[in-house]
Every structure is written in C-alpha cells, then in structure tokens.
Amino acid sequence: MDWFPLYNSIRIAAVSTAAVFFLGIFAAHIIAKAPRLVKGVLDAVLTLPLVLPPTVVGYLLLLALGPKRAIGSWFLNAFGLKLTMTWWSAIFATIVVTFPLMYRTARGAFESFDETLAQAGRTLGLSNFYIFWRIQMPVCRQGILAGTVLAFARALGEYGATSMVAGYTPGRTATVSTTVYQLWRTGEDALALRWVLVNLGISAAVLLAVNLLERKEVRSWP
C-alpha cells in the first residue's frame, strides 16, 4: 500500500492550516471590532467559500491561477512556477476552503472576550500587542484551537477544489480523497475501502479532539 497520498494530504493540510491560523485570527480580530454593517458585508464575503460547492471554488481558482490567466501566466513567465497541477497547488484550494472555518470560530471567541480585561491592561501601560498575545489569545485559546483542528480536518479531507487545481498524479499530487475516487473509478474497491477506513480514523480522532476542547472550555467557564 503506497502511503504517499496520506503523506501528501498531511503536508498540504499542515501548511494550509498554518496559513489560515494567522489569516483567520487577523481577520477575526479586525472584523470583530468593525461596525455592524461593515461586519455583515465582510462576513458574507469571507465565508462565501463555506457555502459554495468545492468544484466552484476550484473553477474560480483555475480562472485566477491557470497558466493562461493573469496571475498564473505572470508567475510562469517571471519565476518559471506553474501554480496548477502540482502538489502545492492544492494548498491554495485548501486555504480558500478552510479559511471560513478558522475565521468564524476565532471571531466568535474574540466577540465573547471581556473587553474590561483589555481596558485594565491599558491602564497599566500595556501595549495592544502585549494585550492581544498575552491576555486575549490565552483567554480565547479554546475556541481558536477548536477552529484550528476543524480547519486541519477539512483540509485533510478536501476533494472538489483540490482535484480541479492539483489534479491526480500518483506519487506527485495524489491525496487521500482523490485516491479514493480514482480507486473506486478503476474498480479497486478493496484498496479504496482501506483508504476510507484511514480517513474515518483520522476524522474520528479530530472530532474527539474538538469535543475535548469544548468540554474543557465549558468546565473552565465561571
């Protein structure tokens, strides 16, 4: 059994999760303090990939990153980099698809933060940078960790956008999800079932981790 699809899925999910961790926290921190109208508009825009079919997300990415499109052709001509049909092309897809999960979870955590703690810190002369990383982030850590775990799980199981942007090449771009589809398509049901069981095991572990984080948050609530 070739374990490359699992390795590839994990590295794609790890890189994209690291990216959406910082992007999601930054966007959530800014938008949580925005006026209601602005927040509503930005929410609709940033969470749109959550409700769009993954294949539509993949198609839109191809329109932007394809070798004959503006961004894709510029990278190809300037750096010789092809932004589609490589293993790391899937990172673009998973970042777009998983960002709303991280953003919404982090924003909910920030909105529940007691601002009097931040105000008390400012009266003591603490900088906003210190207050954010040493006070607000620790208080909101459970929600942020839950969002991170969910984003990783979503990236690990992404298929629609990934298959359109990165395709399926054994040993190069294959992921667990695209491998299951290809094995089913070629009639190799027994091997496809093995990969399904692997995916189920990982998903169960992720859900258990999220539940543990939620219980810990409830118990710590005064």
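**Exercise 1. Is Glu158 buried or exposed, and at what relative accessibility?**

*Solution.* The model is predicted. Glu158 has a relative accessibility of 2%. Buried means under 20% relative accessible area, so Glu158 counts as buried. Its side chain takes part in a salt bridge with Arg154, in which the closest N and O atoms are 3.0 Å apart. Arg154, by contrast, is partly exposed, with a relative accessible area of 29%.

**Exercise 2. Determine which residues are linked with Glu111 in a network of salt bridges, and describe the pairs that Glu111 forms.**

*Solution.* 

Step 1. The network is made up of Lys39, Asp43, Arg107 and Glu111. By the distance rule, the count of salt bridges comes to four.

Step 2. Glu111 meets Lys39 with an N to O distance of 3.2 Å. This pair links distant parts of the chain, as Glu111 lies in helix 6 and Lys39 in helix 2 (residues 36–46), 72 residues apart.

Step 3. Glu111 also forms a salt bridge with Arg107, at 3.1 Å between the closest N and O atoms. Here both residues belong to helix 6 and are four residues apart, about one turn of the helix.

Step 4. Glu111 is partly exposed, with a relative accessible area of 39%. Lys39 is buried at 19%, and Arg107 is buried at 11%.

**Exercise 3. Identify the residues that touch the most other members of the largest nonpolar core, and the elements that contribute to this core.**

*Solution.* 

Step 1. The core has 21 residues, of which Ile25, Phe110 and Ile144 touch the most other members.

Step 2. Two or more residues come from each of helix 1 (4–31), helix 6 (89–111), helix 8 (128–139) and helix 9 (141–156). Helix 6 gives the most, with six residues.

Step 3. Not counting residues up to four places away in sequence, Ile25 touches Val20, Met102, Phe110, Phe132, Met137 and Ile144.

Step 4. Another core, of eight residues, lies apart from this one; among its members are Leu65, Leu83, Ala161 and Val165.

**Exercise 4. Explain why helix 11 is described as largely enclosed by the rest of the structure.**

*Solution.* Helix 11 spans residues 176–185, and seven of its ten residues are buried; therefore it is largely enclosed. The buried residues are Val176, Ser177, Thr178, Thr179, Val180, Gln182 and Leu183. Just after the helix, Gly187 takes a positive phi of about 85°.

**Exercise 5. Locate Leu60 and describe the surface patch to which it belongs.**

*Solution.* Leu60 lies in helix 4 (residues 54–65). Its relative accessible area is 45%, which makes it partly exposed. Together with Val56, Tyr59 and Leu63, Leu60 forms a nonpolar surface patch with about 330 Å² of accessible area.

Terms used:
Residues numbered from 1 in each chain as written. Predicted model: local features only at pLDDT ≥ 70, side-chain atom pairs only at ≥ 80, totals over all residues. Heavy atoms only, no water. Patch = residues over 30% accessible without salt bridge, like charges linked within 9 Å, V, L, I, M, F, W, Y side chains within 5 Å. Areas by Shrake-Rupley, 256 points an atom, 1.4 Å probe, with all protein chains shown as cover. Buried < 20%, exposed > 50% of the residue type's maximum accessible area, 1.4 Å probe, protein only. Core = buried A, V, L, I, M, F, W, Y, C linked by side-chain atoms within 4.5 Å. Contact = heavy atoms within 4.5 Å.
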